[in-house]
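Work through the exercises below with the model open. Try each task before reading its solution.

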Amino acid sequence: MLLRMKLFLLSGFLLCAEWASASVIIDGTRVVYPQKVREVTVQLHNTGESPSLVQSWVDEGDKNATPDSSSAPFIITPPISRIEAGSGQALRLTFTGRDLPSDRESLFWLNVLEVPPAPESAEDKNLMQLAFRSRLKIFYRPDGLSGRANLASHSLECGFESEKKAMTCTNPTPYHISVVKLELSHESGKTDQVEKGLMFLPFSTHEFDIGVKKDIRQGTKAVFTSINDFGGAVEASIDISQR
């Protein structure tokens, strides 16, 4: 019943007289779960002036998955909690076991749904109350992977096919690489933006349609700005081979 109520709030199918804003924030921008640990803790903070009800669950990439429909191999304790204003709550994330690939990371998503309380002044008013959901990547990291996750973007390999006007980039590492920006850097000092917001899966390849306006010559580099385990930006400048 509680879940159905929250999903109904998300739909926004109530008359609007006031607006609400999210107050529960999550420490970090991603969660790394090393295989050898028993659990990982994620910290929540309520920065608002009222208590909030929070429900948390993990999905496998389907943003429409609910706590009841998701089969992700993780348990979150507590799954539902009330966080007082100015207070915090630690979520304990535990892997329940599954036969996942041992030669690469596996990707899951942490969902944190916040339902703020109705204002006391809303007793006799029509009100639209919104629930706010945050989704963070969870990287399940097996033991013994080669290389360093925070430097994985430096291992990207790129080549330009002049006939197709396309650049192909391959991630030869066992790590996910979250790229916030991809640019072409020319010897003249000029830069061209190619892509914003993409993720290289382990051992995957992306093809980028460069087009005739972006001249890739000898000396042009692909500059990737990615996010490391700590949420910091990492820049990698990759030579582009001509094919």
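**Exercise 1: a charged pair**

The side chains of E39 and R92 form a salt bridge, with 3.8 Å from N to O. A salt bridge is a side-chain nitrogen of Lys or Arg within 4 Å of a carboxyl oxygen of Asp or Glu. The model is predicted: local features need pLDDT of at least 70, side-chain atom pairs count only at pLDDT 80 or more, and totals for chains, interfaces and linings use all residues. Residues are numbered from 1 along each chain as its sequence is written, and side-chain values use heavy atoms, with hydrogens and water left out.

Solution. 
- Step 1. Strands (E, at least two residues) are DSSP runs, numbered from the N terminus.
- Step 2. Check the surface. E39 is partly exposed, at 37% relative accessible area. R92 is partly exposed too, with 37%. Buried means under 20%, exposed over 50%, and partly exposed in between (1.4 Å probe, protein chains only).

**Exercise 2: two loops**

Task: state how far apart the closest N and O atoms of R98 and E60 are, and locate both residues.

Solution. 
- Step 1. R98 and E60 form a salt bridge, and their closest N and O atoms are 2.7 Å apart.
- Step 2. R98 lies in the loop between β7 and β8 (106-115). E60 lies in the loop between β4 (52-59) and β5 (74-77).
- Step 3. So this pair ties together parts 38 residues apart in sequence.
- Step 4. R98 is partly exposed at 37% relative accessibility. E60 is partly exposed at 38%.

**Exercise 3: a network**

Task: which residues does the network of salt bridges around E105 join?

Solution. 
- Step 1. Start with E105 and R141, a salt bridge whose closest N and O atoms are 2.7 Å apart.
- Step 2. E105 sits in the loop between β7 and β8, and R141 in strand β9, so the pair ties together parts 36 residues apart in sequence.
- Step 3. E105 and R141 are both buried.
- Step 4. Salt bridges with shared partners join E105, R141 and D229 into one network.
- Step 5. The whole structure holds nine salt bridges.

How values were computed
Helix = DSSP H or I, 4+ residues; strand = E, 2+ residues; numbered from the N terminus.
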